[in-house]
Amino acid sequence: MEGILFITSRCFRFVRGWEEKMKQVVGMVVSNKMQKSVVVAVDRLFYHKVYDRYVKRTSKFMAHDEHNRCNIGDKVRLDPSRPLSKHKNWVVAEILKKARIYVPPSPNVSSSSEVPAS
C-alpha cells in the first residue's frame, strides 16, 4: 500500500492517488435552516504547553442530511465524503442522541376552575 500520510490539526488523511480519507467526528447540530444541510459544531481538546492546561476549540462543519431528520441540539456522527458543494464535505451517518424539545402545555379553558369576580 503506497501513499503519503498527512497529519493536520483537524484530521488524519491518507492520500493514495485521488483517494483521501478523513476520520469520523462527533458533534452537536447548531443550525438546520437549510434544505438537506446542517451545521455541526465539533469540539476538540488539546494541551497548551505555555498555558499548562487543556484548551477547547470548536470547528463548524456543514454536513449533508438527506432526509432532514436532524434538529438543533442533536448529537450526530459525521462521515467524510466527496465534496458535495463548496462547503459540504461531510455526511450525517447517524443521530446518536435526539435533543429534547420543550413543548409548552396547552391552555385548558374550563369554566369550573375560574373564580367569579365579585
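Predicted model: local features only at pLDDT ≥ 70, side-chain atom pairs only at ≥ 80, totals over all residues.
Modeller: Local features here need pLDDT of at least 70, side-chain atom pairs count only at pLDDT 80 or more, and totals for chains, interfaces and linings use all residues. Residues are numbered from 1 along each chain as its sequence is written, and side-chain values use heavy atoms, with hydrogens and water left out.

Biologist: Why is D74 called buried?

Modeller: Buried means under 20% relative accessible area, exposed over 50%, and partly exposed in between (1.4 Å probe, protein chains only). D74 has 0%, so D74 counts as buried.

Biologist: Where is D74 found?

Modeller: In the loop between β6 (53-64) and β7 (75-80). Strands are DSSP runs of E, at least two residues, numbered from the N terminus.

Biologist: What is D74 in contact with, leaving aside its neighbours within four places in sequence?

Modeller: Contact means heavy atoms within 4.5 Å. The partners are G27, M28, V29, R69, I95, K97, K98 and A99.

Biologist: What makes D74 and N71 a polar contact?

Modeller: A polar contact is a pair of N or O atoms within 3.5 Å; within protein, one must be able to donate a hydrogen and the other to accept it, and residues adjacent in sequence count only if both atoms are side-chain atoms. A polar atom of the D74 side chain lies 2.8 Å from the backbone nitrogen of N71.

Biologist: Why is the pair D74 and K98 called a salt bridge?

Modeller: A salt bridge needs a side-chain nitrogen of Lys or Arg within 4 Å of a carboxyl oxygen of Asp or Glu. For D74 and K98 the N to O value is 3.5 Å, so the pair qualifies. D74 lies in the loop between β6 and β7 and K98 in the segment after β8 (88-97), so the pair ties together parts 24 residues apart in sequence. K98 has 45% relative accessibility, so K98 counts as partly exposed.

Biologist: How many salt bridges does a search of the whole structure find?

Modeller: Four. One of them joins E66 and K36, with the closest N and O atoms 3.2 Å apart. E66 sits in the loop between β6 and β7, K36 in the loop between β4 (25-34) and β5 (37-48), so the pair ties together parts 30 residues apart in sequence. E66 is partly exposed at 39%, and K36 is partly exposed at 35%.

Biologist: What makes R77, D79 and E94 one network?

Modeller: The side chains of E94 and R77 meet in a salt bridge at 3.0 Å, N to O. Salt bridges that share partners join R77, D79 and E94.

Conventions: Helix = DSSP H or I, 4+ residues; strand = E, 2+ residues; numbered from the N terminus.
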